[in-house]
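Subject: Structure for your review

Hello,

Please find the structure below, as discussed. My notes come after it.

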Amino acid sequence: SRLVAMLIDWFCILAWLAITAAVGVSLYLSGATRPVGALASNLVAALVTVVPATVVLSLLESSPREASIGKRTRHLRVVDAVTGSRVSFRRSILRNTLKIGVPWTIGHAAVFSIVQAGGSVPVPVSVWLLTVVAYVLPIMYVAFLFVGQGRTPYDLISGTVVIQEVQAATSS
């Protein structure tokens, strides 16, 4: 259920990325981004993609519904691992920063460095290592769903757990 919920959330994020990409590609093709430079471009890209996705998921998971759109469809909730109560925005932002923000930002940095090299110079080994980390973190997160209690590193660090929502019995 968590993987399906995650996919639904990513489809929502992809809709946002399509909008930002349409604007970003238009600006790039018009030459408007040339004077900005790679570092500033990477920062702007993170601010308009990674930050909104991380904040929105955090707001949803710390709301009274305790779930992102994907989790709601799968009847899952994010709660405090000890008390079972709603998590604060602060803990939710920590959870989603580790879950989404860190790997995505590392991936952004790696891609921008590779593009900046443009084939004219060899891409440094450190950039390739960043690329590996950007892929390994999410793969590791998924693997943790199938090990032990099914809690990911970002859930363990933020003190959260994803639980199945208890459905009220329907009477006939």
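Predicted model: local features only at pLDDT ≥ 70, side-chain atom pairs only at ≥ 80, totals over all residues.

Residues are numbered from 1 along each chain as its sequence is written, and side-chain values use heavy atoms, with hydrogens and water left out.

Overall fold

The protein has 7 helices and 2 strands, in the order α-α-α-α-β-α-α-α-β along the sequence. Helices (H or I, at least four residues) and strands (E, at least two) are DSSP runs, numbered from the N terminus. Taken along the principal axes, the box filled by the C-alpha atoms is roughly 65 × 30 × 25 Å. The protein has 172 residues, and 34% of them count as buried; buried means under 20% relative accessible area, exposed over 50%, and partly exposed in between, with a 1.4 Å probe and protein chains only. Of the contacts (heavy atoms within 4.5 Å) between residues at least 6 apart in sequence, 70% join residues at least 24 apart.

Pockets

The search ran on a 1 Å grid over the protein atoms alone: a pocket is an open set of points with protein on both sides within 12 Å along at least five of seven lines, a cavity is a set of points where a 1.4 Å probe fits but cannot get out, and lining residues have an atom within 4 Å of a point. Grid points are joined across faces, edges and corners, and a volume is the space filled by probe spheres set on the points.

The largest pocket holds about 1,400 Å³ of space. Its lining has 41 residues, and those nearest its centre are Ala-45, Thr-49, His-108, Val-111 and Phe-112. H1, helix H2 (38-48), H5 and helix H6 (125-144) each give at least two residues to this lining, and the largest share, 12 residues, comes from H5. By class, the lining has 29 nonpolar, 10 polar and 2 charged residues. Here Ala, Val, Leu, Ile, Met, Phe, Trp, Tyr, Cys and Pro count as nonpolar, Asp, Glu, Lys and Arg as charged, and the others, Gly among them, as polar.

The second largest pocket has about 160 Å³ of space. Among its lining residues are Asp-9, Cys-12, Ile-13, Trp-16 and Pro-52. H1 and H3 each supply at least two residues of this lining, and H3 gives the most, with 5 residues. The lining divides into 9 nonpolar, no polar and 1 charged residues.

Cavities

There are 2 cavities of 30 Å³ or more. The largest cavity has about 50 Å³ of space and is lined by Arg-2, Ala-5, Met-6, Asp-9, Lys-71, Arg-95, Lys-99 and Tyr-154. Helix H1 (2-29) and helix H5 (89-117) each give at least two residues to that lining; the largest share, 4 residues, is from H1. Its classes are 3 nonpolar, no polar and 5 charged.

The second largest cavity has about 40 Å³ of space. Its lining consists of Met-6, Asp-9, Trp-10, Ile-13, Leu-57, Lys-99 and Ile-100. H1 gives the most here, with 4 residues, and by class the lining has 5 nonpolar, no polar and 2 charged residues.

Nonpolar core

A nonpolar core is a set of buried Ala, Val, Leu, Ile, Met, Phe, Trp, Tyr and Cys residues joined through side-chain atoms within 4.5 Å. The largest one has 7 residues: Ile-13, Ala-46, Val-50, Ala-53, Leu-57, Ile-100 and Trp-104. Helix H3 (50-61) and H5 each give two or more residues to this core, with the most, 3 residues, coming from H3.

Arg-2

Arg-2 lies in helix H1 and is one of the residues lining the largest cavity. Is Arg-2 buried or exposed? Arg-2 is buried because its relative accessible area is 16%. Its side chain makes a polar contact of 2.9 Å with the side chain of Asp-155. A polar contact is a pair of N or O atoms within 3.5 Å; within protein, one must be able to donate a hydrogen and the other to accept it, and residues adjacent in sequence count only if both atoms are side-chain atoms. Leaving aside neighbours within four places in sequence, the contacts of Arg-2 include Arg-95, Tyr-154 and Asp-155.

Regards
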